[in-house]
Amino acid sequence: MSRAPVFQFVGFKNSGKTSLLSDLIAYGAEKGERVAAIKHHSHEEPLKVMHLETDSYRLHESGAFLTGVDSPRRFQLELSHEDDFPLEELVSIYRHFSPDLIAVEGFKEEEYPKAVIIKREKDLPLLTQLSNIQLVITWDEVQTGHVTYPVIKLDDWRERLPEVFEIAKGGAGR
């Protein structure tokens, strides 16, 4: 099992986490890197089953706690559980697939290396509440002018992807 580094993107809802993470994954994939993604769904509404009206859906609805569907080019997995699944266990599962990087959206309180996205002034307390911050991505550099972490302006995001990818890969996994 690999010890792929884990790197988180955290911020409040609609701060741009998914878009930034998608850019990072696309950059890594273009370089031939195997990037895996974990997204935390913290909203009240339940997740939808991946395959309504398919065999996997029927097997899930029959009571299987774990349903996997494999095809020649794709594998999908659905796991039912009572509480939030600990990120550490998800990372352990992902490492069995030997990724080069595990990119995580959300799970703010976890201690993996992370980028914090600051969109509004009210987001700034994240910088004192969270641990292992490696960089800050800001929508407005005036708001983050006092920050001691490396700061990347959102407007510069794409041109600085190589730097961010290296920071993410250097993030020590647990």
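**Ground rules.** The model is predicted, so I noted that local features need pLDDT of at least 70 and side-chain atom pairs count only at pLDDT 80 or more, while totals for chains, interfaces and linings use all residues. Residues are numbered from 1 along each chain as its sequence is written, and side-chain values use heavy atoms, with hydrogens and water left out.

**Entry 1: strand β5.** I looked up β5, which spans residues 101-105. Helices (H or I, at least four residues) and strands (E, at least two) are DSSP runs, numbered from the N terminus. Is β5 enclosed or open? Five of its five residues are buried, so β5 is largely enclosed by the rest of the structure. Buried means under 20% relative accessible area, exposed means over 50%, and partly exposed is in between (1.4 Å probe, protein chains only). On one side of β5 I found Leu 101, Ala 103 and Glu 105, and on the other Ile 102 and Val 104.

Next I checked the neighbours of β5; two strands pair if DSSP finds at least two bridges between them. β1 pairs with β5 in the parallel sense over four bridges, and Gln 8 has Val 104 as its bridge partner in β5. Strand β2 (residues 35-39) is also parallel to β5, with five bridges. There, Ala 37 has Ala 103 as its bridge partner.

**Entry 2: aromatic rings.** Phe 7, Phe 9 and Trp 157 form one aromatic cluster.

**Entry 3: the second largest pocket.** I put its volume at about 430 Å³. On a 1 Å grid over the protein atoms alone, a pocket is an open set of points where a 1.4 Å probe fits, with protein on both sides within 12 Å along at least five of seven lines; lining residues have an atom within 4 Å of a point. Which residues are closest to its centre? Of the 24 lining residues, they are Lys 17, His 40, Ser 42, Gly 106 and Lys 108. Helix α1 (residues 17-30) gives the most to this lining, with three residues.

**Entry 4: two positive phi angles.** Most residues other than glycine have a negative phi. Ser 98 has a phi near 55°, and I found Ser 98 in the loop between α3 (87-95) and β5. Ser 98 is partly exposed, at 39% relative accessible area. Phe 107 also has a positive phi, near 55°, and lies in the loop between β5 and β6 (114-118). Phe 107 is buried, with a relative accessible area of 12%.

Definitions and conventions: Rings of Phe, Tyr and Trp (its six-membered ring) pair if their centres lie within 6.5 Å; planes under 30 degrees apart count as stacked, over 60 as edge-to-face and the rest as tilted. Grid points are joined across faces, edges and corners, and a volume is the space filled by probe spheres set on the points.
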